[in-house]
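Morning, everyone. I have one structure to go through today, and I will take it from the overall fold down to a few single residues. Please have a look at it first.

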Amino acid sequence: MTTTAPSLSATVGAGGTNTPDDVRVVQDLLNRAADAGLAVDGVCGPDTRQAITTYQAAFLRTPDGRVDPGGQTLRRLAAEVRDQKRSPRSDPATAAGPADGLRLSPFPGHGNGHYAYSAPERQYGTDTMLQLLTSTAAALHRVGLEFGAGDISFQQGGQMPPHTTHRAGRHVDLRPLRTDNARGPVSLGDSRYSREGTRTLVEALLAQGSVRRILFNDAEVTGVRHFAGHDNHLHVELGQ
Ligand SMILES: [Zn+2]
């Protein structure tokens, strides 16, 4: 944790120099500013390049996939992370940190209407969360679909890298639906992305009444909100 502004020695991203130290700085910023979920490994692979482009799409008409030293993308990332530190209370779950004596319950990895794409120790939620996921799975199962559930929280809550949220069992990442119903990742713009299926998922989630907001970048899906880094998963947050 440093208080100085993050800086780069050279360009990261498409056609960039991509020194490992610089790439790590950018990966960490994208994770904190946009919940990008990147491994901070210093390697500028397809996921990192995609996350840069996705992040830029919120403010650039033609994202170039590059983060330049002193450039606009770096300044925005740094400002966003700085603002998060300054006003951590904008997200109660983040501000609270691990609650005293927090005991969360496991969401079963596989069942009718759902499967898991993260480790069991990362899939603990509050009772309301489990209720939400169970009911949503039942609704999808009735129409022959299923969703993939990723990170929720650890059993005792607390920080779950690379997320800034996911600390108290009230946030979950879900995969968009695929046209082939296969258990795999899919992103907006992929030919196998199913808008229809994803709409069904969002409707089932919202029908429970416990959801505060869903971050996802398909403007054609009613009930979701655009947020950088959310082309390949829906970030679902419970209300209080
Ligand atoms: Zn998330």
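**Walking through the model**

Asn18 is partly exposed, because its relative accessible area is 22%, a value that falls between the 20% limit for buried and the 50% limit for exposed. This is a predicted model, so please keep that in mind for everything I say. Asn18 sits in the loop that runs between strand E1 (12-13) and helix H1 (20-34). What is the phi of Asn18 near? Its phi is near 55°, which is positive although the residue is not glycine. Most residues other than glycine have a negative phi.

His166 belongs to the loop between E6 and E7. Is His166 buried or exposed? It counts as buried, because its relative accessibility is 0%. Pro162 is in the loop between E6 and E7 too. The peptide bond leading from Pro161 into Pro162 is cis, and its omega is near 5°. Most peptide bonds are trans.

Now back to the whole chain. We have six helices and nine strands. The C-alpha trace spans about 50 × 45 × 25 Å along its principal axes. For 240 residues, a compact globule would have a radius of gyration near 18 Å, and the chain has 18 Å, so the two agree. Of those 240 residues, 49% count as buried. If you take contacts between residues at least 6 apart in sequence, 58% of them join residues at least 24 apart.

As for the surface, the accessible area of the chain is about 11,600 Å², and carbon and sulfur atoms hold 49% of that. The charges are 25 positive and 25 negative side chains, and the centres of the two sets are 3 Å apart.

Next, the interior. In soluble globular proteins, nonpolar side chains tend to be buried together. Here the largest nonpolar core has 28 residues, and those touching the most other members are Leu133, Phe147, Leu174, Leu201, Leu205, Ile214 and Val236. Which elements supply at least two residues each to this core? They are helix H5 (127-142), strand E6 (147-149), strand E7 (171-174), helix H6 (195-207), strand E8 (211-215) and strand E9 (234-238). H5 gives the most, with six residues.

Take Leu201 as an example. Setting aside neighbours within four places in sequence, Leu201 is in contact with Thr136, Leu140, Phe147, Leu174, Arg175, Leu177 and Leu234. Apart from this core lies another one, of 20 residues, including Leu30, Phe59, Val81 and Ala228.

You will find Gly65 in the loop between helix H2 (46-56) and strand E2 (66-67). Gly65 counts as buried, because its relative accessibility is 5%. What does Gly65 touch, not counting residues up to four places away in sequence? The list is Val12, Gly13, Ala14, Ile52, Thr53 and Gln56. Gly65 and Gly15 are 50 residues apart in sequence, and their C-alpha atoms are 8.8 Å apart in space.

Definitions and conventions
Residues are numbered from 1 along each chain as its sequence is written. This is a predicted model: local features need pLDDT of at least 70, side-chain atom pairs count only at pLDDT 80 or more; totals for chains, interfaces and linings use all residues. Side-chain values use heavy atoms; hydrogens and water are left out. Helices (H or I, at least four residues) and strands (E, at least two) are DSSP runs, numbered from the N terminus. The radius of gyration is taken over C-alpha atoms; the globule rule is 2.2 Å times the number of residues to the power 0.38. Buried means under 20% relative accessible area, exposed over 50%, partly exposed in between (1.4 Å probe, protein chains only). Contact means heavy atoms within 4.5 Å. Accessible areas come from the Shrake-Rupley method with a 1.4 Å probe; for residues, only the protein chains shown count as cover. Lys and Arg count as positive and Asp and Glu as negative; His and the chain ends are not counted. The place of a charge is taken as NZ of Lys, CZ of Arg, CG of Asp or CD of Glu. A nonpolar core is a set of buried Ala, Val, Leu, Ile, Met, Phe, Trp, Tyr and Cys residues joined through side-chain atoms within 4.5 Å.
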